[in-house]
Amino acid sequence: LGLVLGAFIIQMDTSYLEKNGWFLLLSVLVMLSLVLIPGFGHSVNGSSRWIGYGPLTFQVSELTKITVVIYMAGYLVRRNEEIRSKLSGFIKPVAILGVIAVLLLKEPDFGATVVITATTLGMMFLAGMQLRHFAVLFSLVLAALAVIAISAPYRIARLTGFMNPWARPFDTGYQLTQSLIAFGRGGWFGVGLGKSIQKMFYLPEAHTDFLFAVIAEELGLVGMYVIIGLFLLLVIRVFCIGRQAQRLGQHFSGYLAYGFGLWIAIQFIVSMGVNTGLLPTKGLTLPLMSYGGSSVLVNCLVIAILLRIDHENRLIALGIK
């Protein structure tokens, strides 16, 4: 299904996304609201993040990530001068971001909120926001996220648990201790592909949030470095595509590529940090690798859009478009 959607999206001109960014954002806001209504939203492990019927469900927060990047890319083109010179330039998108954050935290989905917020701030910084404005905004957002992080008992437990998971290895530190055991078993070259012991019901969410730990166990330190290198190469190539688009005057496509590059990088860094105990335990998938229908579909859409941007760059460079 991801390949089919990707094949459809890659035929679509990026100008269509630019024109309909506001409509996509409005649609996502409606869906985020519907998720919270009993009967529309589906709950899994205490979180209401899915919408749909029966087995056909979709995680709206994944779609929100791609939609926010599309909308912000259009906004940065329309309001570029305002973003660079005036305080009001970043107040407007932050207000929209605030509404989205409130809806996401109601689910609750703190991980998606952090990724979307960080991606949006990164895009505004790359668009030329004044450093003093960015510093003020970054500080306010960081303070708000800190307050949100300590506002719920389960979040406090996660924050304190990752500091010393071995103090309560069968309670708040269970996931992280099992993840660290996986890293320890991997050694230099791993136990072999498919031969992980930790994923056999010892490590919760081994197929999604803690996939990197299983990779470390099966492929070892060398395999981890290969995966990190591949993600680094992907992000560099995405930024190169964005830079080329801007040089050719396609600023919307450029900001769009930058946004997707930031999103992939941030989500990978957070996922890896959670698995290794460098960051508090938080449910975030490993882009392009973790199991999950919604995540895989959205990843396919992102790659298709990036390929489309690169295709348009080549056409413009050859003078065809």
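Author: Confidence is lowest in strand E1, residues 41-44, where the mean is 65. Where pLDDT is low, the predicted coordinates should not be read in detail. Helix H11, residues 211-247, has the highest confidence, at 96.

The whole comes before the part. The protein has 13 helices and three strands. Its radius of gyration is 20 Å, close to the 20 Å given by the globule rule for 321 residues, so the protein is as compact as a globular protein of that length. Along the principal axes, the C-alpha atoms fill a box of roughly 60 × 45 × 40 Å. Of the 321 residues, 50% are buried. Among contacts between residues at least 6 apart in sequence, 68% join residues at least 24 apart. The protein exposes about 15700 Å², and carbon and sulfur atoms supply 70% of that area. There are 23 positive and 14 negative charges, and their mean positions are 5 Å apart.

Now the part itself. Leu 288 is in the loop between helix H12 (251-276) and helix H13 (293-317). Its phi is near 70°, a positive value in a residue other than glycine. Most residues other than glycine have a negative phi. Leu 288 counts as partly exposed because its relative accessibility is 46%, between the cut-offs of 20% and 50%.

Another residue with this backbone feature is Glu 205, which has a positive phi of about 55° although it is not a glycine. Glu 205 is found in the loop between helix H10 (174-186) and H11. With a relative accessible area of 29%, Glu 205 is partly exposed.

Asp 310 lies in helix H13. At 12% relative accessibility, Asp 310 counts as buried, since buried means under 20%. Leaving aside residues up to four places away in sequence, Asp 310 touches Ile 241 and Gln 244.

Two residues from elsewhere in the chain complete the picture. Glu 62 is in helix H4, residues 60-78. Its relative accessibility is 5%, so Glu 62 is buried. Apart from residues up to four places away in sequence, Glu 62 touches Trp 263, Thr 285, Ser 294, Ser 295 and Val 298. Leu 5 lies in helix H1, residues 2-9. Leu 5 is partly exposed, with a relative accessible area of 32%. The C-alpha atoms of Leu 5 and Ala 216 are separated by 32 Å, and these residues are 211 apart along the chain.

To put the answer together: Leu 288 is in the loop between helix H12 and helix H13, and Asp 310, in helix H13, touches Ile 241 and Gln 244.

Technical notes:
Residues numbered from 1 in each chain as written. Predicted model: local features only at pLDDT ≥ 70, side-chain atom pairs only at ≥ 80, totals over all residues. Heavy atoms only, no water. pLDDT = per-residue confidence, 0-100. Helix = DSSP H or I, 4+ residues; strand = E, 2+ residues; numbered from the N terminus. Rg over C-alpha atoms; globule rule 2.2 N^0.38 Å. Buried < 20%, exposed > 50% of the residue type's maximum accessible area, 1.4 Å probe, protein only. Contact = heavy atoms within 4.5 Å. Areas by Shrake-Rupley, 256 points an atom, 1.4 Å probe, with all protein chains shown as cover. Lys, Arg positive; Asp, Glu negative; His and termini not counted. Charge placed at Lys NZ, Arg CZ, Asp CG, Glu CD.
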